Amino acid sequence: MGNIKLRKVNKSFGATTVIPGIDLNIEDGEFVVFVGPSGCGKSTLLRMIAGLEDVSSGKIEIDGKDVTEAAPAKRGLAMVFQSYALYPHMTVKNNIAFPLKMAKTDPAVIEKKVADAARILNLTNYLERRPGQLSGGQRQRVAIGRAIVREPSAFLFDEPLSNLDAALRGTMRLEISELHNQLKTTMIYVTHDQVEAMTMADKIVVLNAGNVEQVGSPLDLYHKPNNLFVAGFIGSPRMNFATGAISQPYGAHTIGIRPEHLRLSREGGTWKGTVSVAEHLGADTFLHIKTEGMGQVTARVGGDFGAEHGDTVYLSPDEGRVHRFDEKGMAIR
Amino acid sequence: MARAVSKRRTVFFTIVAWIVALLIFFPILYTIITSFKSETEAIQGFNLIPSGTIESYAAVQAQSNYFKFFLNSVIISVGSTLLALIISVPAAWSMAFSPTKKTKDILMWMLSTKMMPAVAVLVPIYLLFRDFGLLDNRFGLTVMLTMINLPIVVWMLYTYFREIPGEILEAARMDGASLWNEIVHVLTPMAVPGIASTLLLNIILAWNEAFWTIRLTTTNAAPLTAFIASFSSPQGLFWAKLSAASTLAIAPILIMGWFSQKQLVRGLTFGAVK
């Protein structure tokens, strides 16, 4: 079981409030991603759940038990750190076995569990090596192995992939998702990368300045962002925003249109613009277009739309997919 | 062209480095040379080639028991170092991993005690030692040297511990390690290089300490520093014997320093480059 409840969880350092009070339910077996810009409090929140950071006020419950004051090891959680935090003087085997040794597990059981974890994570051939002799991806797998053997009620990941290169990040993302499907254990994953959030999460918690901006499934957040912040943060490239004369006909203070919801034509359309930069990704092309009414706009078109710098193009919004926001930046539905 | 210039530079700096090193080492070298001279040769003036006699060594050993002093030096320097480590490891641990607002001040205050001239507290400490019956006592001297070197030991360990990433200790905590297990299984093994160089440096400092060792001992607890001093006064100045005594006193630490130089250099520059 790995049911985690946060009740008005608050964190302050002296007079500075980092997290003003968060309520959150995490169901057993869910893959939850905390996402937000740096400094939004997502890591602090995770560390409070882990017990590495004190809670200033509020309550944290795991499986119905109040663990607000419990020591990290007593919470039945396992954590994977950004820097991997492996023990450099121990072999891979001893790294993975460490939590079991601390729990005074029977050596035969330790042997078996370590072997199982190594098999799942493709580390069997590296058990006698030290962390210094491993690549970044392998180190990350050892860190995950150390977490798995404890059979925790939930895994906590603190930006685990940010030290890896782009290609490896993609592979590890898949591996972690597969691991979740295999183990069906609750996972809480902190990242600033919205692509990781969208691709891995069952549920995304978008944080900004210590506040929960929105909680929902990746597609929920994508299709129905609650406010300007979520609209701008989720989705890549970023949503285009426009105010004033352009938003008035929609009865909104601000409108937002995702780059993939703009139709492009060379003949005619709602707004006229000039291509300033064309980023050709192959299947897709991102066009950065200077328009007359909307300013700088990003549009996503098929790779065969051969536009280059200086070309004149016409943009039309996909009318059903224009997001409307009021003066306070809240979505109008 | 550029390569030629840089090679000439290298040669130049190598020569300069050798000259500086020789200048620094020369007094020790000359002491060793003089120790192999007869007393007549020794007072004849500057001469780099000794006759090679070992009569001074024989005389020194005949006059006083070198090994008694040597043993005292070992007991006092190793003892004070171990005692200092036992006290400083937990102290440096708490300062490095759960610092408070006052931690920096405490560290500065500890270091500031090293800035005070030792002679300022000579009388009170002498009186305390006399009243507690610690004069000329190995235990008393061990405690004294522990206290003298404690600030440096704490500072060094603190610096090493600070280099250990906090996340690793947090990982240990998540893994269920108690404070004891955390220190024994995670922190200490990672800090071994730092602790080792602190240990070596402190042994050297304690071995060479002459102010207190000479003043607080006479015969029973006297280490090698007192051994050298004992040759400088009673029968006038006998340079060859004094040099022989000095060579005998510095030889052990010189040999130890030679074998552990890699460790010492690593320890002293630890943390300079990540």
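Trainee: Two residues are in contact if their C-beta atoms, placed from the backbone, lie within 7 Å. Taking contacts in chain A with a separation of 6 or more, what percentage comes from residues 24 or more positions apart?

Mentor: 63%. This is a predicted model: local features need pLDDT of at least 70, side-chain atom pairs count only at pLDDT 80 or more, and totals for chains, interfaces and linings use all residues. Residues are numbered from 1 along each chain as its sequence is written, while chains are lettered from A and ligands numbered from 1 in the order in which they are written.

Trainee: How many helices and strands does chain A have?

Mentor: Eight helices and 18 strands. Both are DSSP runs numbered from the N terminus: helices are H or I with at least four residues, strands E with at least two.

Trainee: And how much of chain A is buried?

Mentor: 41% of its 333 residues. Buried means 20 or more other C-beta atoms within 10 Å of the residue's own; exposed means 12 or fewer, and partly exposed lies in between, with C-beta atoms placed from the backbone.

Trainee: Switching to helix 3 of chain A. Which of its residues are buried?

Mentor: A:Ile110, A:Lys113, A:Val114, A:Ala117 and A:Ala118. Down the axis of helix 3 of chain A, they fall within an arc of 135°, so they line one face. That arc is of the directions from the helix axis to the C-beta atoms.

Trainee: What covers them?

Mentor: Helix 2 (92-102) and helix 4 (136-148) of chain A are included in the cover. On the face turned away from the buried side sit exposed A:Ala108, A:Val109, A:Lys112 and A:Arg119.

Trainee: What comes after helix 3 of chain A?

Mentor: A:Asn122 follows, with a positive phi near 60°.

Trainee: New topic: the five-strand open sheet in chain A. What is the strand order?

Mentor: 13-17-14-15-16, with antiparallel pairing. Two strands pair if DSSP finds at least two bridges between them.

Trainee: Which strands stand at the edges?

Mentor: Strand 13 (262-265) and strand 16 (295-302) of chain A. Each has a single partner strand, so one side of each lacks a neighbour in the sheet.

Trainee: How many bridges join strand 13 and strand 17 of chain A?

Mentor: Four, in the antiparallel sense; strand 17 spans residues 312-317. In strand 17 of chain A, A:Ser316 is the bridge partner of A:Arg263.

Trainee: Last one. What does A:Leu156 touch?

Mentor: Leaving out residues up to four places away in sequence, A:Leu156 touches A:Leu46, A:Ile49, A:Ala50, A:Leu77, A:Met79 and A:Ile188.
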